Amino acid sequence: MSARSSFVVVANRLPVDRVTGPNGSVIWRRSPGGLVTAMQPVLSSQRGTWVGWLGNATQHGAPPPEPFQLDDFRLRPVPLTQEEITRYYEGFSNSSLWPLYHDAVEPATFKRRWWEAYRRVNHRFAEATSEEAAPGATVWVQDYQLQLMPSILREMRPDLRIGFFLHIPFPPFELFMQLPRRAEILRGLLGADLVGFQRPLGARNFINLSKHLLELHTHSNTIQAEDGRRVMADAFPISIDVSEMEHLAESPEVQTRAKQIRAELGDPRVLLLGVDRLDYTKGIERRFKAFRELLAEGRLTVPETVMVQVATPSRERVEHYPALRSKVEREVGRINGEYGRVGVPAVHYLHQSYSRTELAALYCAADVMMVTPLRDGMNLVAKEYVAARVDDRGALVLSEFAGAADELRQAFTCNPHDLDGLKQTLLHAVRAEEPEVRRRMRMMRRYLRAHDVNRWAISFLTALGSPESDRP
Ligand code: ADQ
C-alpha cells in the first residue's frame with residue numbers, strides 16, 4: 001500500500017476532465033472549480049488524497065483504475081459500473097434526493113433497487129477512503145451522493161476525524177420524512193463529527209430532524225448520537241475564488257470581449273443575463289415568463305432590452321431534464337416569435353458550456369444579472385457576477401431561496417414564485433440610478449472579498465478540528 005494521507009477529500013467526482021493527448025492517449029486535466037481551489041493548499045501541505053469517480057463507466061470484470069498523482073496531490077478513482085451510474089447517480093442521487101431536498105419543486109421518484117446501489121457505492125467509497133487515510137487522519141466528505149459514508153467509514157476506522165458538507169439545501173422535517181430510507185440516511189450523516197450546511201436554516205432542519213426522528217438529545221448546535229458521540233451541525237456558506245474572478249475581469253482580454261459581446265448584441269441599453277445549469281430548481285422558466293409579460297405590457301422593449309440566457313447542458317438522462325429543456329426552448333421560441341425582429345432576437349439562448357474567460361466577459365457585459373432559483377444551496381453564479389464587477393456596476397436580481405441571499409444582502413431580492421413581485425424587482429433593477437447600483441455593488445464586493453472559498457475551507461476545518469466538537 002502507498003504512503004497514506006493525513007487529509008482526504010471525498011466527493012462523487014474527482015476534480016479532473018478527460019482530454020485526448022497525442023496518439024489518442026487519455027490525459028487527465030485538473031477541472032476548474034472552487035472546491036478544488038479551496039482544497040489545494042491543504043491537499044498540498046498534507047500530501048493529501050482526493051477520492052472520487054472519474055466520470056466514466058468501468059466494464060464488468062475490468063481492473064479498477066489505478067490511483068495517480070495530479071499536481072501535488074493524489075487521486076484515488078472509485079469505479080462505477082453502468083448500472084450503478086443509472087441507479088446510484090441518476091436514480092437515488094438525482095431523481096430521489098435532489099428533487100426532495102429542493103422543496104420537491106418536481107416530484108421525487110423512489111425505487112427500491114436504487115437504494116441498494118446507493119448503499120453499495122457509499123460502501124465502496126468508504127473502503128477506498130479507509131485504505132487511503134493515515135491513522136488519525138482528517139476526512140472531508142462532500143455532498144448528497146455520499147450521505148451514508150460517514151457512518152460506514154466510522155465503523156471501519158473509528159480513529160478518523162470525519163467532516164461532511166452538504167452543498168444543497170437540507171429540507172424541513174415534513175419533506176425529509178417522505179424519504180423511504182430516512183432513518184438510515186440520518187444515521188449515515190451522524191457518523192460525522194461535524195455536519196456542515198450552506199445556511200443556518202439547513203443546520204436547524206438537521207438538528208430538528210435528529211430530535212424528532214431518532215429522539216436524540218440536542219443542545220444548541222450539537223446532537224448526541226446514539227453511540228454517545230457529540231456531533232456538531234453548523235452553517236459554512238461556500239464561496240468562490242474571488243481574486244481569480246477579479247483578475248480575469250480586469251484582464252484586457254475579458255474587457256475587450258465584454259465590449260464585443262455588447263456590440264454583437266446591437267449595443268442594447270439594458271443587457272439582462274442568466275447563467276445556470278439547465279435545472280428545474282434554477283427558476284429559468286419563471287424568469288422567461290416575467291420577461292415575456294414585461295414585453296407584452298410594453299414596460300420593457302426590444303431592441304433597447306436584450307436577454308442572454310446561458311443554460312449549461314445537465315443530467316440529460318435523468319427524468320424531468322429533457323422535458324425542462326423542451327419547455328425552455330419552446331418559451332424562447334415564443335418570446336422571439338412575438339417580440340423579435342429579423343436579426344434582433346429578444347432572447348439569445350445558449351445551451352453550451354463556456355470557458356471561465358467567456359463567462360467573465362458575459363458577467364462584465366451584463367447590466368442586470370438574474371439569479372432566480374426556486375431553491376438553491378448557495379448559487380455561485382451570483383457570487384461570480386459580483387466578483388467580476390470590478391467597475392462596481394451591474395445589478396444583481398437574487399432569489400431569496402438561494403443561499404447567497406443570506407450574504408449578498410444588497411442584491412435586488414425577489415420571490416420567484418410571485419410573478420408580479422419578480423417583474424417589479426426586475427424593473428426596479430433595470431431602472432435603478434447609477435449611484436444606487438454602485439452603492440449596492442460596492443458593499444457586496446467588499447463582503448465577498450472578505451469571504452472567499454479559502455476562508456470557507458479554513459473555517460470548516462478549524463471547526464472540525466476543534467475540541468468543542470467532541471467534548472462530552
Ligand atoms: P450547482 O447547482 O451546479 O452547484 P452553482 O452554484 O450556480 O450551481 O454553480 C454552477 C457553476 O457552474 C458556476 O461556477 C458557474 O460559473 C458554472 N457554469 C454555469 N454555466 C456554465 C457554462 N455554460 N459554462 C461553464 N461553466 C458554467 C451546487 C449547488 C449550489 C452550490 C454549489 C456549490 O446546487 O447551490 O452553490 O453546488 O456548493
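View 1. Two strands count as paired if DSSP finds at least two bridges between them. Helices (H or I, at least four residues) and strands (E, at least two) are DSSP runs, numbered from the N terminus. This is a predicted model: local features need pLDDT of at least 70, side-chain atom pairs count only at pLDDT 80 or more, and totals for chains, interfaces and linings use all residues. Residues are numbered from 1 along each chain as its sequence is written, and side-chain values use heavy atoms, with hydrogens and water left out.

**View 2. E13 and E14 pair in the parallel sense over eight bridges.** Leucine 271 has valine 306 in E14 as its bridge partner. Seven of the eight residues of E13 are buried, so this strand is largely enclosed by the rest of the structure. Buried means under 20% relative accessible area, exposed over 50%, and partly exposed in between (1.4 Å probe, protein chains only). Axes are lines fitted to C-alpha atoms, for helices over the stretch in contact, and angles run from 0 to 180 degrees between N-to-C directions. Contact means heavy atoms within 4.5 Å.

**View 3. Strand E17 (residues 395–399) pairs with E18 in the parallel sense.** Three bridges join the two strands. Leucine 398 stands opposite threonine 413 in E18. Cysteine 414 counts as buried, at 3% relative accessibility.

**View 4. Helix H12 (residues 356–365) is mostly covered.** Eight of its ten residues are buried. These are Glu358, Leu359, Ala360, Ala361, Leu362, Tyr363, Cys364 and Ala365. They pack against helix H8 (242–250), helix H9 (252–264) and helix H13 (380–388), and also against strand E13 (270–277), strand E14 (305–312) and strand E16 (368–371). Cysteine 364 counts as buried at 14% relative accessibility. The structure holds zero disulfides (pairs of cysteine sulfur atoms within 2.5 Å).

**View 5. Ten strands form an open sheet with mixed pairing.** The order is E5-E6-E4-E1-E7-E8-E9-E12-E11-E10. Strand E5 (68–70) and strand E10 (218–219) stand at the edges with a single partner strand each, so one side of each is left without a neighbour in the sheet. Strand E11 (residues 222–224) pairs with strand E12 (residues 230–235) in the antiparallel sense over three bridges. Glutamine 224 stands opposite arginine 230 in E12. Helix H7 (residues 200–213) lies across strand E9 (194–197), E10, E11 and E12. The helix runs at about 150° to E12.

**View 6. Tryptophan 53 and tyrosine 89 form one of the 19 aromatic pairs in the structure.** Rings of Phe, Tyr and Trp (its six-membered ring) pair if their centres lie within 6.5 Å; planes under 30 degrees apart count as stacked, over 60 as edge-to-face and the rest as tilted. Here the centres are 5.6 Å apart and the planes stand at 55°, so the pair is tilted. The pair links distant parts of the chain, 36 residues apart: tryptophan 53 in strand E4 (residues 49–53) and tyrosine 89 in helix H2 (residues 82–101). Tryptophan 53 is buried, with a relative accessible area of 5%. The charged end of arginine 13 sits over the ring of tryptophan 53, 5.7 Å from its centre. A charge sits over a ring if NZ of Lys or CZ of Arg is within 6 Å of the ring centre and within 35 degrees of the ring normal.

**View 7. Phenylalanine 170 and phenylalanine 197 form an edge-to-face aromatic pair.** The rings are 5.6 Å centre to centre, with 70° between the planes. Phenylalanine 170 lies in the loop between strand E8 (161–165) and helix H5 (173–176), whereas phenylalanine 197 lies in strand E9. The two are 27 residues apart. Both are buried. Ring pairs link Tyr101, Phe170, Phe176, Phe197 and Phe206 into a cluster.

**View 8. The charged end of arginine 315 sits over the ring of tryptophan 98.** The distance to the ring centre is 4.1 Å.
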